[in-house]
Amino acid sequence: MYLKTLTVTDFAGLVKAEIGGLEPGLNIIVGDNEVGKSTLLTALRAAFFQKHRASGEAVKAFAPYHGSGRPFVSLDFELGETLYSLSKAFLQRPSAELRWSGGQMSGDAVEEKLAELMRFTPPGRGEPKLSEHQGAFGLLWVEQGRSNAGLDLGAGKDALTASLEGEVGQILGGERGRTLTAAAKALQDRFFTDTLRAKTGSPLKAVEERLTAAEAERVEKQATLRELEDKLKRLADRRHTLTGYERDETVRKAEAALQEAEEAARRAGEREREWQAADAARKHAEMVRDQALDRLKRRDALIAAAAEAETRAAAVRAGFAAVDAEARQAAADVVSRTEDRERARDAARLAERVEEAVRAQRELERERQALAALDERVGRAEALAADLRGRQQALSAVTIDDKALKAIEAAEARRRDCAVRVTVAAPAVTFAPADASGSVHDAAGAAVPAGEAQRVTQRTTYALGGFGTVTIEPGGDAAALAEEHRAAEGVLAALLERVRVAGVESARAERAKARDLEAEIKALTARRDALLPEGPADAGRLREAAAASVERLAARLSDLDPAAAGEAGTDAMRERLESTRRALQVAEAALEEARRASSDAALRRATAEAEVAHRAAEAERLRAEARAAEDAQPRAALAEAVAVAEADRAAKAELLALRARERDAADPKAAAEALAARRTGLDRIRKTVGALRDEILSLEAELRHAGGTGLGEAITGLDDEIAVLQARRARLQLEADASRLLYGELARAQREAREHWLGPIKSRVAPYLKLIHPETEVELDEETLEIKALHRSGVAEDFKRLSAGAREQVAVVTRLALAHVLKTGGHPAAVILDDALVNTDEKRLERMHRVLERAAGDLQVIVLTCRERDFRDLGAPIFRL
Amino acid sequence: MIRFLHTADWQIGKPFGGFEVEQQVRLREERLAAVGRIAALAAERDCDAVLVAGDAFDDNTVTDKEINRTLEAMRAFSGPWVMLPGNHDAALPVSVWTRLPRLAERLGIANVVVADRPEPISLCDGRFAILPAPLTRRHEGADLTAWFDAAETAPGAARVGLAHGSVANRLPEAAESGNPIADDRAARAQLDYLALGDWHGFVEIADRTVYSGTPEPDRYPANAPGHVAIVEIAAAGTAPRIERVKTGRFDWRPVAVRLDGSIAALEDVLADLPRPGDTLLKVTLAGALSLRERLALDELLDDWRARLFDLAVIDADLVDEPDAEDLDAIDLSGFVRIAVDRLRAKAADPADPERQAAAMALRMAYAEHRRLSGEGR
């Protein structure tokens, strides 16, 4: 494709732009910012890919900025050696016209023709999406700012794929290969997950599950059947065994044997009983003999005992006489000792009376002295008391006490004080007559001395000789103070009156007299109290008691022997008292000893006396007993009975020996054992037969119950079903394997094919890439064909992580390569780059120039740029906007 | 003259577990219907008795309902039914035969004679003596008919043996697994006829010794199943007149067809089927087909599967031989062709464990290709 001219008027920001004479190779269109380079590219796209009648937002954006106008684009291009002229107007009077050497058309037909020529899908209804329908031109016509974002393949992929297929043959199998692969995948998906695991719910799984279930059911049913068959077998076996028992009459035979054993046992039992009877008879005879022997022995013992008792009685009688004599002696001793003690007691009593009389005499004297002392003390005390009473009467005549005195003294002090104050307050009048004839008299007529100050405390009138009278009236307080003075004097007079004394001094003298009296009373009282500390009342009582004591002692003394009291001296008297007392004690001890000896001897005598009586009685009793026994049955008869009993016992023992021999011969133990064995045997046989019958009945019942369950049928049915399921499983397994194999092989072949698939692109990119990034290789995604990475010396660098400059360079060279592929595939291809290398450094920009030059060798390349300087040395035609 | 009907191997209650449920029901019903047809035939021919030579029931645990329905089906013939326990319904201590008399009594049926003891049964006022050899176990090692030789019967009575097992030296080896019967028993025991059961096809296996076979086929072997025998004995010691009468309905038909490059041979066989709706066809296929023909075969079989009572296909020996045309149809070039070529190589390699899967995969690829291109069904 070769774009020759382009004219744009009233299109968005462009009023008019006209570019003519574009060359088939490299072209540079220069324009400063905002002059509308990018609008030029938009207009170019609009001309080819937008329907002229469209009215969506994208088309509305074509409206001129300066006001109403008709966006218009016209251009000439060469495609497949045919020159076309295309013009389109939008929004107002939209129109489309296409002319070429062979014809022309206008209106909607133009759009279809363009779609056919440019190999794109015309947009459908609604808002067109250029990226989806402009075919490969999204890839080739690069808008400003998108050069480093990758390839913007979009719908261009299909065109590219188609072109690649045209070049590398039908490696990918085309549409048929893709659909067949998808179909094979669907087949595989019936059975497997994406990771090739068996899929839940796959037909194979379903059959396997049914098969497992059927097999499990069969196992269960077979087990039940085996159980049933075992029971059947057991039933046949039990029936067979029971028949054997019945045929052999086993039970009847065992019963007969038991009967026989019972008879033998009965016989043995009789022998046993006979032996037991003989044994009992022997034992009885032995007992009878033993009794006779015993009686004989007892008689002999009685006789011996009687003789012995006689001997013992005689011996006891002999011992009693000595004991009796001892007892009498002891009694006599007691009498003599009693007399000794009576004498000693009399002597002691006498000595005691003497001693007591002496003591009473002394006591009497002491009491008399005490009585006299007491009488004297009481007499003195009474004299003191009389004196005391005199003083007390004198004291009671005094009326003034300390309190009254104090009040009088206070009143006196007050009166004095008032008098002083009156004197001070009252005016002092001093009369000084000029000559001695001058006389002054007071109201009372008394002469008032001259030169002497008179205190006037009240209205006072003086009569002055030769003059008349002068009345002086004291003012202010003088009158009140005078009144106060009079009151104080009144108080004092009243107090003195109450105690009946003349004045203060007399009061004080009265009071001193009273105090002296009080001191004397106190001293007298102390003296009386010292004489009678116990008080006068108690002292009286003491005196009476002492008098009574004297009287009593005197009476006592007269009772005793008053003469004795005066006898010997005190010491001799006391010595006699002591010795008589000691003699009394000795006599009492001797008496006590004699009494004890007598008591012992009396006891011994009584004991001996009882023994004598007892022995005599015993001897008598035994003698009588022996005599009675002998009278009843003489000893000779007893001896005879013993002999007879012994003979009987011997006979019985012999019979017992005979019976024992007979019993041993019958062997009852063996007979009993045989009987027990027969019984057990019969029992066992009966039990066995019973158990067999029970088991047969029970098995028959169980089998009858289980008979109609259709078990056998069910198992056969399951056998058949399992066989069918197994076959089906095998078939499905084969299908599953086949589906996996088919898809696997298809996928593998496709993968291998893809390795060749990107060959043409790589081979075209390589020389360009060598210029700007030597020793690198670009890696494209097999599916999307987008740039994945740049391999530098074998190390993959993610495209997205490359620098902006590197990204735009790699993307531009890849686009150029893809444009070549497209062109080779018969697609219209021309490359337009709008400021696509803005991030490229100067050194690489120069190399990019060489890339562009080389690419422009067989492609039209139009570069839109704002930097003319960057491209002016290329030698390409430059168009300015 | 004595006339009786000889049948065996009714196998009532056989489950047919390998079939779909609906087919199972119909196959089971048909066995009861066959008993009804036998009863009607015996009545129509005025038979003196019906002899059932074992395996009337498929199993001893058959349900009471099934026994009752059988007894009901037998009502049409009011003469004696002499029924012999076979290996499937052996006279075990407790068996179908310990239940049947009670059930018959409840239904008011009194003409069933269970021949569960080896002793002569006398019918027709002593003119007809039946010597049964009942099985009391599933498998007997000894010949249970031996006692026939010495069995006493009334003078002039027709002696007819009734047994279930394999006649020695006469049947294919597989059938002789147990319950042997001497092939000269009829002669040795001076039998006028030996009525046998166990072999499902009708065959006079030895002199006066006949297997009636099952009256309603129940499996594929083509040995003339689906018949009963009507036997007439003019007098004791004379040769019996044996008539084979068809009673079966379903046609269990095994066919083996070799297909080499074309399915025409099978089309012919199918076209010749007289009653497809009552036919259970087992086709064993062998040979080699291109993928085109293989797909055509699948279509043909699907077509017939809908027409037949049942169709079983055994195609283990039928191999796919994809030819250039097949493969070119899938794709001439591109990765698909590479994959297809690889699969073909795998399928053709006898040592490859995935050989079969590869062949199937090729067939799938072909079928999918046809489907996707709209050339298929």
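This is a predicted model: local features need pLDDT of at least 70, side-chain atom pairs count only at pLDDT 80 or more; totals for chains, interfaces and linings use all residues.
**Exercise 1. Make-up of the two chains**

Of the contacts in chain A with a separation of 6 or more, what percentage is accounted for by residues 24 or more positions apart?

Solution. 
- In chain A, residues 24 or more positions apart account for 75% of the contacts with a separation of 6 or more.
- For chain B the corresponding figure is 70%.
- Chain A contains 22 helices and 19 strands, while chain B contains 9 helices and 17 strands.
- Of the 881 residues in chain A, 24% count as buried; of the 377 residues in chain B, 46% are buried.

**Exercise 2. Two helices of chain A**

Classify the packing of helix H9 (residues 250–397) of chain A against helix H15 (residues 570–632) of chain A.

Solution. 
- The two axes come within 4 Å of each other and cross at roughly 165°.
- Angles over 145 degrees count as roughly antiparallel, so H9(A) is roughly antiparallel to H15(A).
- H9(A) passes H15(A) in a left-handed crossing.
- Sorted by class, the residues in the contact of H9(A) with H15(A) are 37 nonpolar, 5 polar and 26 charged.

**Exercise 3. Two helices of chain B**

Carry out the corresponding analysis for helix H2 (residues 64–74) and helix H3 (residues 96–107) of chain B.

Solution. 
- The axes come within 10 Å and cross at roughly 55°.
- H2(B) and H3(B) are therefore oblique to each other.
- The crossing of H2(B) and H3(B) is right-handed.
- From H2(B), the contact uses B:Asp64, B:Ile67, B:Asn68 and B:Leu71. From H3(B), the contact uses B:Val96, B:Arg99, B:Leu100, B:Leu103, B:Ala104 and B:Leu107.
- By class, the contact of H2(B) with H3(B) has 7 nonpolar residues, 1 polar residue and 2 charged residues.

**Exercise 4. Helix lengths**

Check the end-to-end distances of helix H16 (residues 635–666) of chain A and helix H8 (residues 334–348) of chain B against the expected spans.

Solution. 
- H16(A) has 32 residues, and at 1.5 Å a residue should span 46 Å.
- The end C-alpha atoms of H16(A) are 48 Å apart, which agrees.
- After H16(A) comes A:Asp667, with a positive phi near 45°.
- H8(B) has 15 residues, for which 21 Å is expected at 1.5 Å a residue. From first C-alpha to last, H8(B) reaches 22 Å, close to that value.
- Buried residues of H8(B) include B:Phe335, B:Val336, B:Ile338, B:Leu343 and B:Arg344.

**Exercise 5. The interface**

Describe the side of chain A that touches chain B.

Solution. 
- The contact involves 49 residues of chain A and 36 residues of chain B.
- On the chain A side, helix H7 (174–191), helix H8 (203–247), helix H17 (668–707) and helix H18 (711–757) each supply at least two residues.
- H18(A) gives the most, with 25 residues.
- The chain A side divides into 22 nonpolar, 15 polar and 12 charged residues.

**Exercise 6. One loop residue**

Is B:Ser262 buried or partly exposed, and where is B:Ser262 placed?

Solution. 
- B:Ser262 has 14 C-beta neighbours inside 10 Å. A buried residue needs 20 or more, and an exposed one has 12 or fewer, so B:Ser262 counts as partly exposed.
- B:Ser262 sits in the loop between strand S15 (251–260) and helix H5 (264–271) of chain B.
- The C-alpha atoms of B:Ser262 and B:Leu289 are separated by 6.6 Å, with the two residues 27 apart along the chain.

Conventions
Residues are numbered from 1 along each chain as its sequence is written. Chains are lettered from A and ligands numbered from 1 in the order in which they are written. Axes are lines fitted to C-alpha atoms, for helices over the stretch in contact, and angles run from 0 to 180 degrees between N-to-C directions. Angles under 35 degrees count as roughly parallel, over 145 as roughly antiparallel, 65 to 115 as roughly perpendicular and the rest as oblique. A crossing is left-handed if the near helix is turned anticlockwise from the far one by less than a right angle, and right-handed if clockwise. Ala, Val, Leu, Ile, Met, Phe, Trp, Tyr, Cys and Pro count as nonpolar, Asp, Glu, Lys and Arg as charged, and the others, Gly among them, as polar. Two residues are in contact if their C-beta atoms, placed from the backbone, lie within 7 Å. The expected span of a helix is 1.5 Å times one less than its number of residues.
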